[in-house]
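Trainee: I am new to this one. Please show me how to read it, feature by feature.

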Amino acid sequence: ALNDTFITLEGKSIVFKDILETHKNQTLVIDIWASWCRDCITGMPKVKALQKEYSDVVYVYLSLDKSEKAWKKGI
């Protein structure tokens with residue numbers, strides 16, 4: 001799992017362990033979601049509220065959608 005590769009909003013590839021290393025020694029919230037997951041979508045406003053309340057925390061959103069088009073539409 002640490003070597004899994006994800007695509008950023010900018011279209012660049014990034015390895016999960018590099019995400020963790022970039023934010024080493026910081027509080028990190030990782031939200032794993034998918035556009036087809038009803039609970040994920042309905043829960044997103046709660047996560048966004050947490051992000052506003054705890055702005056010193058780093059939030060990483062990982063989509064499990066199979067296509068870039070699907071996760072970008074979900075955003």
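Mentor: Start with burial. Buried means under 20% relative accessible area, exposed means over 50%, and partly exposed lies in between, with a 1.4 Å probe and protein chains only as cover. Take K69: its relative accessible area is 71%, so K69 is exposed. K69 lies in helix α3, residues 68–74.

Trainee: What kind of model is this, and how are residues numbered?

Mentor: It is a predicted model, in which local features need pLDDT of at least 70, side-chain atom pairs count only at pLDDT 80 or more, and totals for chains, interfaces and linings use all residues. Residues are numbered from 1 along each chain as its sequence is written, and side-chain values use heavy atoms, leaving out hydrogens and water.

Trainee: How many helices and strands are in the chain?

Mentor: First, the rule. Helices (H or I, at least four residues) and strands (E, at least two) are DSSP runs, numbered from the N terminus. Here the chain has three helices and four strands. Along the sequence they follow the pattern β-β-α-β-α-β-α. The C-alpha trace spans about 35 × 30 × 20 Å along its principal axes.

Trainee: What share of the residues is buried?

Mentor: Of the 75 residues in the chain, 25% are buried. For the surface, accessible areas come from the Shrake-Rupley method with a 1.4 Å probe; for residues, only the protein chains shown count as cover. The chain exposes about 5900 Å², and carbon and sulfur atoms supply 55% of that area.

Trainee: Why does the length of helix α2 agree with its residue count?

Mentor: The expected span of a helix is 1.5 Å times one less than its number of residues. Helix α2 covers residues 38–53, which makes 16 residues, so it should span 22 Å. Its end C-alpha atoms are 24 Å apart, which agrees.

Trainee: Where does α2 bend?

Mentor: A bend at a residue is the angle between axes fitted to the seven residues ending there and the seven starting there. In α2 the bend is about 40°, at M44. A proline, P45, follows within four residues. M44 is also buried, as are C40 and V47 of this helix.

Trainee: What covers those buried residues?

Mentor: Think in contacts: heavy atoms within 4.5 Å. The cover over the buried residues of α2 includes β3 (28–33) and β4 (58–63).

Trainee: Is Y59 buried or exposed?

Mentor: Y59 has a relative accessible area of 13%, so it is buried. Y59 sits in strand β4. Set aside neighbours within four places in sequence, and Y59 contacts V29, L50, Q51 and Y54. Now compare sequence with space. Y59 and T27 are 32 residues apart in sequence, and their C-alpha atoms are 8.7 Å apart. K69 and C37 are also 32 residues apart in sequence, with 16 Å from C-alpha to C-alpha.

Trainee: Which residues does K17 contact?

Mentor: K17 is in helix α1, residues 16–22. Beyond neighbours within four places, K17 is in contact with L2 and N3. At 42% relative accessibility, K17 counts as partly exposed.

Trainee: And where is D4?

Mentor: D4 is in the segment before β1 (5–7). Its relative accessible area is 40%, so D4 is partly exposed. D4 touches I14, V15 and F16, not counting residues up to four places away.

Trainee: What is the phi of N25?

Mentor: Most residues other than glycine have a negative phi. N25 is not a glycine, yet its phi is positive, about 70°. N25 belongs to the loop between α1 and β3. At 77% relative accessibility, N25 counts as exposed.
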